[in-house]
Amino acid sequence: MMAQLIKDNTLATNTWQTLELGSDETPENVALPSGDVIFPAAVWQARKTEIISGNKRIGLLLKGDDRVEDIAGDLDYFIVIAIDFPKFVDGRGYSTASLLRQRYHYEGELRAVGDVLHDQLFFLKRVGFDAYALKGDKNAVQAIAKGFSTFSDAYQTSTDQPQPRFRRRA
């Protein structure tokens, strides 16, 4: 089943295609599609000049082992950065999103992809995600209704709340 896209807390149409490498393909030899494409970081790093010259709207896919520092100088090229969650229990994507928003001030779309469940939406939003590709078998309408309001308040600071709710008195 195709992933359901939630963007800015509403259902949205996904206009982007994600380039996936086949078993016999490498970043250097994979055919580059046109249109709105989300390129894996390895393909971006191997063929940046070619991608820039052939695409007006560029997206990037970061997997758990990809380092934000390796693409930090290129952030202005990306309309969307998709961060992969290969398993529900793999939390590296939270750190990646936080780095992109807080340290590198990325202002484009941050999209959570992979094993994304409605239980995660509240926490994903807190670290800077604004788009979520829910697994196809999940109910996106229910996720919108309940996923962003799991908790009524948060005490910790985060991308969506730069100041703590309660401050210690001196």
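1. Arg 101 is buried in this predicted model. The relative accessible area of Arg 101 is 15%, and the cut-off for buried is under 20%. The residue belongs to helix H3, which spans residues 92-103. Its side chain makes a polar contact with the side chain of Asp 130, at 3.5 Å.

2. Helix H3 packs on the sheet, where it touches strands E5 (58-62), E6 (78-85) and E7. The direction of H3 makes about 155° with that of E6.

3. The sheet is open and has eight strands, in the order E2-E1-E8-E7-E6-E5-E4-E3, with mixed pairing. E2 and E3 (17-18) stand at the edges; each has a single partner strand, so one side of each lacks a neighbour in the sheet.

4. Strand E1 (residues 4-7) pairs with E2 (residues 10-12) in the antiparallel sense, over three bridges. Leu 5 has Ala 12 in E2 as its bridge partner. Two residues lie between the strands of this hairpin, and Asp 8 takes a positive phi there, near 50°.

5. E1 also pairs with strand E8 (residues 131-134), again in the antiparallel sense, over four bridges. Here Gln 4 stands opposite Leu 134 of E8.

6. Strand E7 (residues 109-114) runs parallel to E8, and two bridges join them. Arg 111 stands opposite Ala 131 in E8.

How values were computed:
Residues numbered from 1 in each chain as written. Predicted model: local features only at pLDDT ≥ 70, side-chain atom pairs only at ≥ 80, totals over all residues. Heavy atoms only, no water. Buried < 20%, exposed > 50% of the residue type's maximum accessible area, 1.4 Å probe, protein only. Polar contact = N/O pair within 3.5 Å; in protein donor to acceptor, adjacent residues only side chain to side chain. Pairing = 2+ DSSP bridges. Contact = heavy atoms within 4.5 Å. Axes fitted to C-alpha atoms, helices over the stretch in contact; angles between N-to-C directions.
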